[in-house]
Amino acid sequence: ANDNRVRRAQAGLIRTARERLEPQSGVLADLSGRPVVVYVQPITTRNALRGLVVLEAAIAPVLNTLKALDGADYAVVDGTGQRLATTDDSPWSRDLISRPPGDIFDRQRHLDDRVKTLIVMPLEGHDGDALAHLVSQRDETELISALERTQRLTLIIELVMLGLGLGLLFW
């Protein structure tokens with residue numbers, strides 16, 4: 001059954017590239033159910049289709065590129081929470097898929113008093129079905145601490161200014 005679904009999804013992407021004579025790409029499940037990025041390039045001469053080039057790539061290198069760009073850790077997890085690809089082997093993404101589907105922004109405090117930003121997004125296939133979820137995690141402890149220090153400093157400055165203003169009023 002899974003083989004037929006994979007073949008139908010691949011055929012849909014190929015059919016669209018053939019009909020439009022334009023490159024097509026999407027996220028599909030391979031025969032083992034793992035999400036892969038697929039790119040279909042029509043080869044034409046004088047607007048006549050001569051063939052198609054189909055490229056399929058694992059999604060793990062994409063996660064490594066994302067991590068290099070923004071420093072967050074990434075994982076692709078299936079509907080049961082099993083990690084299909086990850087940039088970090090720690091257990092942080094194992095229980096996230098129990099959250100509601102859709103884009104989720106969630107800031108959590110962990111036991112070691114670290115502040116983590118977690119984002120969970122569905123990875124939809126070419127047919128619109130959710131194949132898996134992309135989960136990102138970023139440690140924002142230092143940023144949150146700096147923000148809290150700035151807020152305390154602002155409050156102190158406001159109190160000093162209020163005290164000076166009252167002092168000048170009653171002097």
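**A guided tour of the chain**

Select Leu 164 to begin: with a relative accessibility of 52%, this residue counts as exposed, where exposed means over 50% relative accessible area, buried means under 20%, and partly exposed lies in between (1.4 Å probe, protein chains only). Leu 164 belongs to helix α3, residues 141–169. The model is a predicted one, in which local features need pLDDT of at least 70 and side-chain atom pairs count only at pLDDT 80 or more, while totals for chains, interfaces and linings use all residues. Residues are numbered from 1 along each chain as its sequence is written, and side-chain values use heavy atoms, leaving out hydrogens and water.

Together with Leu 164 they form a nonpolar patch on the surface, with about 600 Å² of accessible area. In such a patch, nonpolar side chains (Val, Leu, Ile, Met, Phe, Trp, Tyr) are joined within 5 Å, and each residue has over 30% relative accessible area and no salt bridge. Accessible areas come from the Shrake-Rupley method with a 1.4 Å probe, and for residues only the protein chains shown count as cover.

**The whole chain**

Now display the chain as a cartoon. Three helices and eight strands are present; these are DSSP runs, of at least four residues for helices (H or I) and at least two for strands (E), numbered from the N terminus. Their order along the sequence is α-β-β-β-α-β-β-β-β-β-α. Of the 171 residues, 32% are buried.

Select residues 24–29, strand β1, and residues 35–45, strand β2. These strands pair in the antiparallel sense over six bridges; pairing requires that DSSP finds at least two bridges between two strands. Within this pair, Leu 28 has Val 36 of β2 as its bridge partner, and Ser 25 stands opposite Tyr 39 in β2. Five of the six residues of β1 are buried. Five residues lie between the two strands of this hairpin, and Gly 33 in the turn has a positive phi of about 90 degrees.

Continue to strand β3, residues 48–58, which runs antiparallel to β2 and is joined to it by ten bridges. Val 38 has Glu 56 in β3 as its bridge partner. The hairpin of β2 and β3 has two residues between the strands, and Arg 46 takes a positive phi near 55 degrees.

**The nonpolar cores**

Which residues make up the largest nonpolar core? Select Ile 59, Leu 63, Ala 72, Tyr 74, Val 76, Leu 84, Ala 85, Leu 123, Ala 132 and Leu 134, which are its ten residues. A nonpolar core is a set of buried Ala, Val, Leu, Ile, Met, Phe, Trp, Tyr and Cys residues joined through side-chain atoms within 4.5 Å. Strands β4 (73–77), β5 (83–86) and β8 (130–139) each supply at least two residues of this core. A second, separate core has six residues, among them Leu 13, Ala 17, Leu 28 and Val 40.

**The salt bridge**

Finally, select Asp 73 and Lys 67. Their side chains meet in a salt bridge at 2.6 Å, N to O; the term requires a side-chain nitrogen of Lys or Arg within 4 Å of a carboxyl oxygen of Asp or Glu. Asp 73 is buried at 14% relative accessible area, whereas Lys 67 is partly exposed at 31%. By this rule, the count comes to one salt bridge.

Methods:
Patches are made of residues with over 30% relative accessible area and no salt bridge: like charges are joined within 9 Å, nonpolar side chains (Val, Leu, Ile, Met, Phe, Trp, Tyr) within 5 Å.
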